[in-house]
Amino acid sequence: MAENKGVTPRSEDYSRWYTDVVQKADLADYAPVRGCMIIKPYGYELWENIKSALDCRFKATGHRNAYFPLFIPMSYIEKEAEHVEGFKPELAVVTHGGGSELDEPLVVRPTSETLFGEAYAKWIQSYRDLPMLINQWANVVRWEMRPRLFLRTTEFLWQEGHTAHATRDEAVDETLKILDIYAEVSEKVCAVPVIKGRKSPQEKFAGADDTYTIESMMGNTWALQGATSHFLGQNFAKAFDITFLDESNELQHVWTTSWGMTTRTVGAIIMTHGDDKGLRLPPAIAPIQAVIVPIWKTDEQRDSVFEFANQVKSQLEAVGIRMHIDERDGLSPGFKFNDWEMRGVPVRLEIGPRDVEGQSVMAGRRDVPGKEGKQIIPVAELAARIPALLEEIQEALLREATEFRDSNLHEVNSYDELKAIVGTGWGLMWHCATPECEDKIKEETKATCRCFPLDQNPEWSPEGAKCAVCGEPAFGKAYFARAY
Ligand SMILES: [Zn+2]
């Protein structure tokens, strides 16, 4: 008999727990090249569901998908000074092709502002060409010295949006509109609550005027940056000479934005919802929303149980539920229950001979252990009650994560108070936004500046407020936390 080996308890070793879940829930595996990963079908299906939630929202707001090449001439990367400085340490560079040394080395794209910049300079002539709103789904490479599955990999999947606008205001609006889309997908679809904020100058994207972020709290209270949206000002427009003739026939530089969300979102979902039994998936993105585990002893029972199970499956598929029947032979029901718990399937339907007789199923919730999470549902009520149950689970996961996060957010009035809570929560503190203070805090506490939350309390006034570390005038209140 096969045996279920569980995962390392979170309290024992959080990092080991995470790796165990990724592998035992069948999401991903290591690849021959260090830092790369193989995303297995179950993990990829999860990503596909995140991807469609984003893609339909991008399209609904006027963006179109395109595909730009993987290789970027080295000279392009070097055109925007801050950009190259920021990315140089992470670049993978191709020097040979077709058996001979290339005249110019090619960078394997770490991000595509430069290629879009070059193309937009050609494509944009007049105000009529604006705004230009393009997104691409692609892989990128950023050399990673300390890789972790999904969270930090040398190659990862993402979408990158690149837009050009006639005015500064329009570009800023776009940056924030996308931030709202990221927040909505994170909270409503992935059930991962976020804090929307602005990055400090030190933490912003290389080449941006402003970077906006969504930050989430993982199960060990560390922070994870979920996605970023950048207002690029006219930096790339000037570096690539992207100009247009405005309505009064004057030549102007455009204003650009860029924004991305990556496969690291899968890691955020694991660490927000997972428990010591494995993964817990929000129904909205679960590749399997309800799994049927048939239970039988004799061949005769097997036939009637499977017939009933198939009937239940089609009934629920007809109302749009993603279903699966566990038909594996030679495994005990107990083994199968544990296995589906490990994979985080939100609802389990047990069907045995007595259920066939009673024309009902036993439904169990992944998020509520034991008897409390179980209920008997008559077959005639399944089509109404299972979708409602999935919605309830979706909300319960978001609520649980939000309560956990809120109970670990602390407003701190001094640097000493911050030191006392770092590692067990986030501290919200007056901050001057200088790299000097951030470096000091990082060195002494390992906490980094996550963001200046956008919904700063209007009662707080930076007027007269001082940085809790250096005493210089504060820029605002910022969250500090250990982070992935
Ligand atoms: Zn300071």
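User: Is Arg-280 buried or exposed?
Analyst: This is a predicted model. In the model, Arg-280 counts as buried, because its relative accessibility is 8%. The cut-off for buried is under 20%.

User: What does Arg-280 form a salt bridge with?
Analyst: Its partner is Glu-400. The closest N and O atoms are 3.0 Å apart.

User: Where do Arg-280 and Glu-400 sit in the chain?
Analyst: The pair links distant parts of the chain. Arg-280 is in the loop between α8 and β15, and Glu-400 is in helix α12. They are 120 residues apart.

User: And Glu-400, how accessible is that one?
Analyst: Glu-400 has 41% relative accessibility, so it counts as partly exposed.

User: How many salt bridges does the structure hold?
Analyst: It holds 29. One of them joins Arg-385 and Glu-381, with the closest N and O atoms 2.7 Å apart.

User: How accessible are the residues of that pair?
Analyst: Arg-385 is at 29% relative accessibility, so it counts as partly exposed. Glu-381 is at 34% and also counts as partly exposed.

User: What about Arg-405, which residue does it form a salt bridge with?
Analyst: Arg-405 forms a salt bridge with Asp-406. The closest N and O atoms are 3.0 Å apart. Arg-405 counts as buried, at 11% relative accessibility. Asp-406 is partly exposed, at 40%.

User: What is the phi of Asp-241?
Analyst: It is positive too, near 55 degrees. Asp-241 lies in the loop between α7 and β12. At 47% relative accessibility, Asp-241 counts as partly exposed.

User: Switching to peptide bonds. Which residues does a cis bond join?
Analyst: Leu-130 and Pro-131. Omega is about -5 degrees there. Pro-131 is in the loop between α5 and β7. In general, most peptide bonds are trans.

User: Now helix α10. How many of its residues are buried?
Analyst: 7 of its 10 residues, so the helix is largely enclosed by the rest of the structure. Helix α10 covers residues 333-342.

User: Which ones are buried?
Analyst: Phe-335, Lys-336, Phe-337, Asp-339, Trp-340, Glu-341 and Met-342. Lys-336 and Asp-339 also belong to the salt-bridge network.

User: What covers those buried residues?
Analyst: The cover includes α1, β15, β16 and β17.

User: And what about Gly-344, which follows α10?
Analyst: Gly-344 has a positive phi, near 75 degrees.

User: On to the surface. Which residues form a negative patch?
Analyst: Asp-299, Glu-300, Asp-303 and Glu-307.

User: Where is Asp-299, and is it buried or exposed?
Analyst: Asp-299 is found in helix α9, which runs over residues 299-318. Its relative accessible area is 62%, so Asp-299 is exposed. The cut-off for exposed is over 50%.

User: How do residues three or four places apart point in an α-helix?
Analyst: They point the same way, because there are 3.6 residues a turn.

User: Last topic, the strands. Where does Ala-223 lie?
Analyst: Ala-223 lies in strand β11, residues 223-231. It is buried, with a relative accessible area of 0%.

User: What is Ala-223 in contact with, leaving aside neighbours within four places in sequence?
Analyst: Its contacts include Glu-215, Ser-216, Trp-426 and Arg-450. Among the others are Ala-481, Arg-482 and Tyr-484.

User: How far apart are Ala-223 and Glu-104?
Analyst: They are 40 Å apart in space, C-alpha to C-alpha. In sequence, they are 119 residues apart.

User: And Thr-256, is it buried or exposed?
Analyst: Thr-256 counts as buried, at 5% relative accessibility. Its place is in strand β14, residues 255-262. Leaving aside neighbours within four places in sequence, its contacts include Thr-163, His-230, Phe-236 and Ile-242.

Technical notes
Residues are numbered from 1 along each chain as its sequence is written. This is a predicted model: local features need pLDDT of at least 70, side-chain atom pairs count only at pLDDT 80 or more; totals for chains, interfaces and linings use all residues. Side-chain values use heavy atoms; hydrogens and water are left out. Buried means under 20% relative accessible area, exposed over 50%, partly exposed in between (1.4 Å probe, protein chains only). Helices (H or I, at least four residues) and strands (E, at least two) are DSSP runs, numbered from the N terminus. Contact means heavy atoms within 4.5 Å. Patches are made of residues with over 30% relative accessible area and no salt bridge: like charges are joined within 9 Å, nonpolar side chains (Val, Leu, Ile, Met, Phe, Trp, Tyr) within 5 Å. Accessible areas come from the Shrake-Rupley method with a 1.4 Å probe; for residues, only the protein chains shown count as cover. A salt bridge is a side-chain nitrogen of Lys or Arg within 4 Å of a carboxyl oxygen of Asp or Glu. Lys and Arg count as positive and Asp and Glu as negative; His and the chain ends are not counted. The place of a charge is taken as NZ of Lys, CZ of Arg, CG of Asp or CD of Glu.
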